Amino acid sequence: MSTEKHMGKQKSLDKIDQNILNILQKDGRLSNVKLAQTINLSPTPCLERVKRLEKEGYIKGYVALLDSELLGAALVSFIEVSLDRTTTEALDKFNREIWKMEEVQECHMVAGGFDYLIKVRTRDMTHYRKFLAEKLASLADISGTHTYVVMEEVKDSSAIAIPGNI
C-alpha cells in the first residue's frame, strides 16, 4: 500500500490498539484470551479489535522467526547495487529478478550514491561468492556492487515503533 492510503490512519489508533500491536509484535501466537488479559479487556472486544486491525491493514500477517544458524544461513551481507540505467523498464526487471533469489532477504531502492541496498543471507563465504557470481552479477544493467559482510548482529528486530509509544 502506498503512503497516501495510510495517511490519517494513525489517528484512529487508541492506546488499546497500540498495546495490541506492540504485544502481537513480540508474540504473534499469543491466544486471544491471554492478549485480552494482558490489556485488561474481555476476549470478545479484544478479538474484534484484532480483526479490525487486520482488516485495516495494520496487521499484515503472522510469521515464525527462524534461527538462521540452524538453517545454514548465518552469513549476512549487505550489498550496494548500482545500475547502468534507471529507466522504469530496467528497475522493474531488476525488481522481478531479485524476487526470484532465495538468498535475498530484503531489497530496498534507495536515493543516493547507488540504486539498491540488498540484505543477503548465505551459508558461508563460498555460498556468498557463488550467489554474487552466478545470480546477482548475471543480471542485466548492473554497473557495480559493493559488499559489506556483517561481523556481528548487534540488533535484529522486525518490530515497528508504534506512534504514540515513542
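Ala, Val, Leu, Ile, Met, Phe, Trp, Tyr, Cys and Pro count here as nonpolar, Asp, Glu, Lys and Arg as charged, and the others, Gly among them, as polar. By these classes, the lining of the second largest pocket of this predicted model has six nonpolar, three polar and one charged residues. Local features need pLDDT of at least 70 and side-chain atom pairs pLDDT 80 or more, while totals for chains, interfaces and linings use all residues. Residues are numbered from 1 along each chain as its sequence is written, and side-chain values use heavy atoms, without hydrogens and water.

The secondary structure comprises six helices and four strands (DSSP runs of H or I with at least four residues, and of E with at least two, numbered from the N terminus). From the N terminus, the order of elements is α-α-α-α-β-α-β-β-α-β. The radius of gyration, taken over C-alpha atoms, is 20 Å, well over the 15 Å that the globule rule (2.2 Å times the number of residues to the power 0.38) gives for 166 residues, so the protein is more spread out than a compact globule. Along the principal axes, the C-alpha trace spans about 55 × 40 × 25 Å. Of the 166 residues, 28% are buried (under 20% relative accessible area, with a 1.4 Å probe and protein chains only).

The lining of the second largest pocket includes Asn95, Trp99, Glu106 and His108. Helix H5 (88-99) and strand E2 (104-109) each supply at least two lining residues, and the largest share, five residues, comes from E2.

How values were computed:
On a 1 Å grid over the protein atoms alone, a cavity is a set of points where a 1.4 Å probe fits but cannot get out, and a pocket is an open set with protein on both sides within 12 Å along at least five of seven lines; lining residues have an atom within 4 Å of a point. Buried means under 20% relative accessible area, exposed over 50%, partly exposed in between (1.4 Å probe, protein chains only).
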